[in-house]
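Trainee: Hi! Could you walk me through this structure? I'm new to reading these.

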Amino acid sequence: MKVFRYRILILAVLVIGVAGIAWWLLRPNAAPGVVSTPTPLLTVTAIKATQQNWPDTMQADGNLAAWQEAVISAETGSLRITKLLVDVGSVVKRGQLLAELASASATADVQKQQAVVAQARATLDGAQSDVRRAAMVVGGGALSAQKIDEYRTTEATDRASLASAEADLQSKRIVLAQTRILAVDDGIISSRSALLGNVVSAGTELFRIVRQSRIEWQAEVNPQQLARIRTGQLAHVSLPGGNVVEGQVRLAAPTISTSSGRAIVYVSLPVGNAGQSGMFASGSIELGKRGALVLPETALVLRDGRSDVYVLSADQTKVARRTVVTGRRKGGNVEIVSGLDAESSVVQSGAAFLSDGAIVKVLSTVQSKRDAT
């Protein structure tokens, strides 16, 4: 009885299976020789790369430094500092008073020398009077020729004495003027070693000024890069605060350091930028323009340290993963150095959801935007 039930069950399964196969083959929508199309995984927009002229840039690092520094020192010695009028960071103008030294002794010397000049002038006036009187009686025989020559010699000597006294007075006035420490150029005070009350010697440094408030970027490059640097090339410097400043190459060093094997490129930055002397900054120097095959960054998929794009098949129904080498980036676009030709259509966005060989539906095909520059 149990064996009979098993046979009935097996027969029922066979009948159901045959009926299912027959229904599949004879269903109303089925047509002989037609295979159903798989459902697309994703609807995408296709894009083609474009050829553009992009700036050819060189990356470099370096420090910010003053364009030039002016050292302001004491020109006269053994005088005490009585006034300090500026400090580090002060913006100054050429000729502005920065400090004063004790001027009492210098003032006294000037007054004393003024008296000497007045005395010499009076002596000269007397000698000139003697010469004039002698000239009036020169034909009457009242004075000998020897005496007249003596008057003239005395006048010449007194005139020379007056000139010497006036020169000494000018020297004393210069010393008095040197008690006033003045700025030699427009700029910013970058260093102050002067201390109130300190007695300074001639030549003692008191201040340093960043001339004209100009800061420059001193970029370090290797010899191969140095050969491509030209005066006037544009540079873009990224400051620590996040600001990007545009500068211009002022000078490329004529020599290469024997210790580091690198050279310095001096890039002038605009006055008033956020950079400060001593900052470390990175940047790029534009060497010219060079052609680039460009795609939007959205077309790239980054996986396992490589950059992939998904290329559409000729009938634009399937995608194939292709690894590319990228280069420069600009304004949301990226340069494709190798791995892709200009005729290939790739998925513009959403490629991260695809896999190699996936079925897609192309919504539209667009051309990569061309850079205005």
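Mentor: Happy to. Let's begin with a word you'll need: a pocket is an open set of grid points with protein on both sides within 12 Å along at least five of seven lines, and its lining residues have an atom within 4 Å of a point. Keep in mind that this is a predicted model.

Trainee: Okay, what volume does the largest pocket have?

Mentor: Its volume is about 270 Å³.

Trainee: And how many residues line the largest pocket?

Mentor: There are 16 lining residues, and those nearest the centre of the pocket are I188, I215, G275, Q276 and S277.

Trainee: Which strand gives the most to that lining?

Mentor: That's strand β8, residues 187-192, which supplies three residues.

Trainee: How many of the lining residues are nonpolar, polar or charged?

Mentor: Seven are nonpolar, eight are polar and one is charged.

Trainee: New topic: helices. How do α2 and α3 cross?

Mentor: Helix α2 covers residues 104-136 and helix α3 covers residues 145-177; their axes come within 8 Å and cross at roughly 165 degrees. Angles over 145 degrees count as roughly antiparallel, so α2 and α3 are roughly antiparallel to each other.

Trainee: Is that crossing left-handed or right-handed?

Mentor: The crossing of α2 and α3 is left-handed. In the contact of α2 with α3, the residues by class are 16 nonpolar, seven polar and eleven charged.

Trainee: Now the strands. What does β2 pair with?

Mentor: Strand β2 (residues 50-66) pairs with strand β15 (residues 280-296) in the antiparallel sense, over 14 bridges. If you want a spot to look at, find G62, which sits opposite A281 in β15.

Trainee: Which other strands pair with β15?

Mentor: Strand β12 (residues 234-238) does, antiparallel and over four bridges, with S238 opposite S282 in β15. Strand β19 (residues 333-338) also pairs with β15 in the antiparallel sense, over three bridges. There, P296 stands opposite N333 in β19.

Trainee: I also spotted β6 and β7. In what order do the strands of their sheet come?

Mentor: That open sheet has four strands in the order β7-β6-β4-β9, with antiparallel pairing. Its edge strands are β7 (180-182) and β9 (199-200), each pairing on one side only.

Trainee: How many bridges join β6 to β7?

Mentor: Three bridges join β7 to strand β6 (residues 97-101), and the two run antiparallel. To find the pairing on screen, look for A99, which stands opposite I181 in β7.

Trainee: And which way do side chains point in a strand?

Mentor: In a regular strand they alternate between the two faces of the sheet.

Terms used. Residues are numbered from 1 along each chain as its sequence is written. This is a predicted model: local features need pLDDT of at least 70, side-chain atom pairs count only at pLDDT 80 or more; totals for chains, interfaces and linings use all residues. Side-chain values use heavy atoms; hydrogens and water are left out. On a 1 Å grid over the protein atoms alone, a cavity is a set of points where a 1.4 Å probe fits but cannot get out, and a pocket is an open set with protein on both sides within 12 Å along at least five of seven lines; lining residues have an atom within 4 Å of a point. Grid points are joined across faces, edges and corners, and a volume is the space filled by probe spheres set on the points. Ala, Val, Leu, Ile, Met, Phe, Trp, Tyr, Cys and Pro count as nonpolar, Asp, Glu, Lys and Arg as charged, and the others, Gly among them, as polar. Two strands pair if DSSP finds at least two bridges between them. Axes are lines fitted to C-alpha atoms, for helices over the stretch in contact, and angles run from 0 to 180 degrees between N-to-C directions. Angles under 35 degrees count as roughly parallel, over 145 as roughly antiparallel, 65 to 115 as roughly perpendicular and the rest as oblique. A crossing is left-handed if the near helix is turned anticlockwise from the far one by less than a right angle, and right-handed if clockwise.
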